[in-house]
Amino acid sequence: MTDMNATLRKYVLNLVPYVGRFAVNKNIPVIYYHDIVEDGKGESYSKTDVSVFKRHMEFLHRSGYKTYTFDELEDVSLIKTQEKKVLITFDDGYVSNYSIVFPVLKDLGLKFNIFVAAGEIENSNEKYLKPEMIYEMACSGIAGFGAHTFSHIDATQIHENNFEKEVIYTNRYLRDITGADVKDFCFPFGHYNWKTLSYLSRKNIYKRLYTSDHMPVRSISETTVIGRIGIENNDNMDVFIKKLKGWYDILYYLHSGRV
């Protein structure tokens with residue numbers, strides 16, 4: 001039975017882009033990576049080999065895609081139009097975002113954004129960015145920064161007792177480094193629920209909240225909720241292009257049982 005379920009799942013996933021092309025999400029695609037690595041050590045969504053990453057970015061450059069930093073998203077209509085536009089994001093704040101991503105995208109003239117787990121920076125974790133790296137990228141005009149909590153906790157566990165540390169302190173910490181207010185927040189592990197969305201919306205700290213489940217753009221009070229699509233290390237160019245076109249976005253409805 002397990003083998004049958006696995007076979008059925010694989011069959012369904014193979015059909016997804018062909019079904020999804022007829023129900024294309026017209027919103028700007030928001031893609032995300034984590035760590036960019038060398039020596040062929042890419043793994044799933046958490047580590048992307050630099051050769052794979054460069055192929056993806058060179059395609060965007062060659063195809064004339066427009067890219068944006070968070071502070072350019074004040075016009076909500078921009079988020080709701082897809083044609084040759086993409087928002088490139090990275091989660092956690094790995095040092096490779098500075099040592100590899102920054103020079104590659106600067107050379108290609110592409111903009112990107114990083115959701116920072118501030119505690120890793122403050123605690124000087126060597127795998128993560130240093131404040132001076134964040135400052136340099138922020139000053140470049142091609143990199144935007146958003147919050148990813150302080151301790152990278154499941155956002156459904158954010159409440160009044162830890163809100164000050166996970167949100168307020170994190171935002172102040174990043175603002176002190178970059179000189180800019182933090183208006184964008186991404187859910188660690190992709191975990192959230194409607195209670196979390198409502199709670200953060202009521203707090204009115206962020207203008208935009210980002211999920212990792214292909215959710216179509218929607219508004220909750222004054223807050224815009226934006227779905228993202230993860231780029232996997234073994235995504236070939238065909239899959240990457242279909243993700244950009246929104247052909248996989250139907251997965252949100254399949255996973256949530258909304259179809």
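**Note on side-chain packing and charge pairs**

1. Lys-165 lies over the face of Phe-150, 4.3 Å from the ring centre. Arg-228 is placed likewise over the face of Tyr-32, at 4.1 Å from the ring centre. A charge sits over a ring here if NZ of Lys or CZ of Arg is within 6 Å of the ring centre and within 35 degrees of the ring normal.

2. On the basis of the note: this is a predicted model, where local features need pLDDT of at least 70 and side-chain atom pairs count only at pLDDT 80 or more, while totals for chains, interfaces and linings use all residues. Residues are numbered from 1 along each chain as its sequence is written, and side-chain values use heavy atoms, with hydrogens and water left out.

3. Arg-228 also meets Asp-91 in a salt bridge between side chains, at 2.8 Å, N to O. A salt bridge requires a side-chain nitrogen of Lys or Arg within 4 Å of a carboxyl oxygen of Asp or Glu. Arg-228 lies in the loop between S11 and strand S12 (229-230) and Asp-91 in strand S5 (residues 85-92), so the pair ties together parts that are 137 residues apart in sequence. Helices (H or I, at least four residues) and strands (E, at least two) are DSSP runs, numbered from the N terminus. Both Arg-228 and Asp-91 are buried; buried means under 20% relative accessible area, exposed over 50% and partly exposed in between, with a 1.4 Å probe and protein chains only.

4. The structure holds nine salt bridges. Another of them joins the side chains of Glu-160 and Lys-203 (2.8 Å, N to O). Glu-160 belongs to the loop between strand S7 (143-147) and helix H7 (163-178), and Lys-203 to helix H8 (residues 194-203), so this pair ties together parts that are 43 residues apart in sequence. Glu-160 is exposed, with a relative accessible area of 54%, whereas Lys-203 counts as partly exposed at 28% relative accessibility.

5. Arg-208 forms a salt bridge with Asp-184, and the closest N and O atoms are 2.6 Å apart. With Arg-208 in strand S9 (residues 208-210) and Asp-184 in strand S8 (residues 184-186), the pair ties together parts that are 24 residues apart in sequence. Arg-208 and Asp-184 are buried. A network of salt bridges links Glu-74, Asp-184, Lys-207 and Arg-208.

6. Thr-223 lies in strand S11 (residues 223-226) and counts as buried at 1% relative accessibility. Leaving aside neighbours within four places in sequence, Thr-223 is in contact with Ser-201, Tyr-206, Lys-207, Arg-208, Leu-209 and Arg-218, where contact means heavy atoms within 4.5 Å. The side chains of Thr-223 and Ser-201 make a polar contact at 3.4 Å. A polar contact is a pair of N or O atoms within 3.5 Å; within protein, one must be able to donate a hydrogen and the other to accept it, and residues adjacent in sequence count only if both atoms are side-chain atoms.

7. The structure holds 18 aromatic pairs. Rings of Phe, Tyr and Trp (its six-membered ring) pair if their centres lie within 6.5 Å, and planes under 30 degrees apart count as stacked, over 60 as edge-to-face and the rest as tilted. The ring centres of Phe-59 and Phe-240 are 6.3 Å apart and the planes are at 85°, so the pair is edge-to-face. Phe-59 is in helix H2 (residues 50-63) and Phe-240 in helix H9 (residues 237-244), so the pair ties together parts that are 181 residues apart in sequence. Phe-59 counts as buried at 14% relative accessibility, and Phe-240 is buried at 0%. One aromatic cluster is formed by Tyr-33, Phe-53, Phe-90, Tyr-98, Phe-102 and Phe-112.

8. Phe-112 is also one of the residues, with Ile-31, Met-57 and Leu-60, that touch the most other members of the largest nonpolar core, which has 60 residues. Such a core is a set of buried Ala, Val, Leu, Ile, Met, Phe, Trp, Tyr and Cys residues joined through side-chain atoms within 4.5 Å. Helix H4 (residues 96-108) supplies the largest share of this core, six residues. Met-57, leaving aside neighbours within four places in sequence, is in contact with Ile-31, Tyr-33, Ile-88, Leu-105, Leu-108 and Leu-110. A second, separate core of 13 residues includes Ile-28, Phe-70, Leu-73 and Cys-186.
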